[in-house]
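Please keep the model in view while reading.

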Amino acid sequence: MQVQPTDFDVIVSGAGPAGTACALFLARSGHNVLVLEKDQFPRDKVCADNKTWKCLDIVKELGLWAEFERLPKRQIDGVRVTSPSGNEMYTPLHREDVRVKGPWFNVRRYHFDFMLAKACKKEKNIAFKEQCEVVRPLFDSKKPLQVIGVEFKNAQGRTEHAYARVVVGADGSTSPIAQAVGVSPRVKGRYALNTRAYFENVHGVHNQCELYYLKGVCPGYFWIFPVDEKTCNVGVGMRMEDIERQGVSLDEKLKELLLSPAFKERFCNARQVTPLKQWGLSVLGQRRKCAGSGWVLVGDAGTFAMTFSGEGCGPGMRSGKIAAQSLHTALQKKDVSEKSLRLYEENLWRVLEPEVKGFRWLEFLLLHEGVFDWVIKKASKNKELIELSSRMQNDYTLARRLSSPATLLKLLLT
Ligand SMILES: Cc1cc2nc3c(=O)[nH]c(=O)nc-3n(C[C@H](O)[C@H](O)[C@H](O)COP(=O)(O)OP(=O)(O)OC[C@H]3O[C@@H](n4cnc5c(N)ncnc54)[C@H](O)[C@@H]3O)c2cc1C
């Protein structure tokens with residue numbers, strides 16, 4: 001296929017948090033953007049619905065705070081982690097961070113993603129097309145690695161082509177763009193399958209995210225996240241290889257957990273108000289290719305969700321923002337070669353590397369249940385370590401300090 005006259009500066013495939021953030025930043029820098037989304041908003045998305053400052057800061061930066069404040073949501077003041085043997089550690093958000101930024105919130109993706117989609121629709125530089133499923137990227141026949149557009153099925157089911165200088169793969173953990181350029185979003189050892197539903201009337205719910213790293217489930221976890229005054233997002237996620245090795249059905253596992261002695265009283269009057277839905281994603285572990293000639297990957301398509309928690313909305317939006325800034329530079333230079341777009345990979349990795357290094361220790365804990373139990377038992381009694389854990393909620397690079405000799409000594413002496 002010959003290079004076609006470009007209809008757009010950028011095509012964004014997928015309108016989740018990563019794609020919409022990227023499109024909005026690009027449009028506001030004066031670029032002409034086509035967003036193609038396979039679903040129609042508002043739509044559900046399997047998630048646990050937590051929004052940390054990583055996400056909320058970008059919502060503010062995009063000027064969407066007034067809209068965000070109007071969404072149904074639940075304030076979150078801290079995180080409760082329970083280790084496989086039942087040791088608990090509550091980490092409140094740090095009071096200084098809360099003073100400056102406010103608390104976290106849990107908001108259903110149904111509302112949050114619709115807010116982002118509406119913002120895109122209002123933007124004069126964005127053509128926003130729903131019910132358009134991207135099938136594959138289009139390559140230049142003379143330069144076979146150069147992406148020049150996408151093939152998609154339009155709302156009427158007809159095949160269409162659209163052309164742009166750059167294609168952003170923002171189409172999540174099954175991204176056809178990522179797969180076609182040879183960067184699978186499904187990473188062995190880092191891919192977890194999850195199931196979740198909404199429940200009303202769960203007992204003992206506070207303004208907290210509860211994560212239970214249970215025996216047989218860890219390094220995955222069972223969660224209870226309140227999303228408004230009466231509803232909780234409840235689910236369980238496990239590594240794919242653990243599901244296969246144990247031969248478990250995830251939906252059955254969740255039902256079993258709700259009836260187990262640890263949770264049955266909290267769920268005795270609870271009513272499941274939506275069906276169970278499953279979705280998978282890989283968490284970030286190491287640097288991976290996320291840019292090439294005429295293409296970049298953002299969000300789950302690039303596997304940028306955090307290890308330990310699986311948090312991906314804020315990290316996805318952040319990658320979308322960094323991609324937009326890097327693409328702005330490349331488009332101004334009229335150079336969208338792999339070498340030029342590698343600027344995105346460099347800029348993103350500069351931010352991610354210290355976080356990934358810090359999270360290695362947390363990852364080690366998740367893979368060694370006995371050590372994890374011991375650390376949570378000790379750390380939950382040590383004010384200084386709780387303080388460090390609180391500050392870490394705003395700065396993940398501090399996770400590195402958790403494995404420092406000083407911290408280990410504090411644990412031993414507690
Ligand atoms: C069970 C679970 C719980 C989670 N809990 C949290 C949490 O509490 N907090 C948090 O921050 N993160 C959480 N995450 C991670 C978070 O959901 C993702 O990291 C986040 O959604 C990534 O955003 P994204 O825009 O990259 O991808 P997505 O949100 O998946 O968006 C991709 C978009 O692309 C569209 N699309 C897909 N294929 C195509 C195609 N071929 N053509 C056109 N459009 C397409 C999809 O319809 C979708 O709208 C959780 C994930 C799971 C699975």
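## Terms and source

Helices (H or I, at least four residues) and strands (E, at least two) are DSSP runs, numbered from the N terminus. The expected span of a helix is 1.5 Å times one less than its number of residues.

The model is predicted: local features need pLDDT of at least 70, side-chain atom pairs count only at pLDDT 80 or more, and totals for chains, interfaces and linings use all residues. Residue numbers start from 1 along each chain as its sequence is written.

## Helix α11

Helix α11 covers residues 338-367, 30 residues. Its end C-alpha atoms are only 36 Å apart, short of the 44 Å that a straight helix would reach. A kink of about 35° lies at Leu352, shortly before Pro354. That bend is the angle between axes fitted to the seven residues ending at a residue and the seven starting there.

Buried residues of α11 include Leu341, Tyr344, Leu352 and Phe359. Buried means 20 or more other C-beta atoms within 10 Å of a residue's own, with C-beta atoms placed from the backbone.

## Helix α1

The twelve residues of α1 should span 16 Å, and its end C-alpha atoms are 16 Å apart, which agrees. Eleven of the twelve are buried, so α1 is largely enclosed by the rest of the structure. Gly30 follows α1, with a positive phi near 95°.
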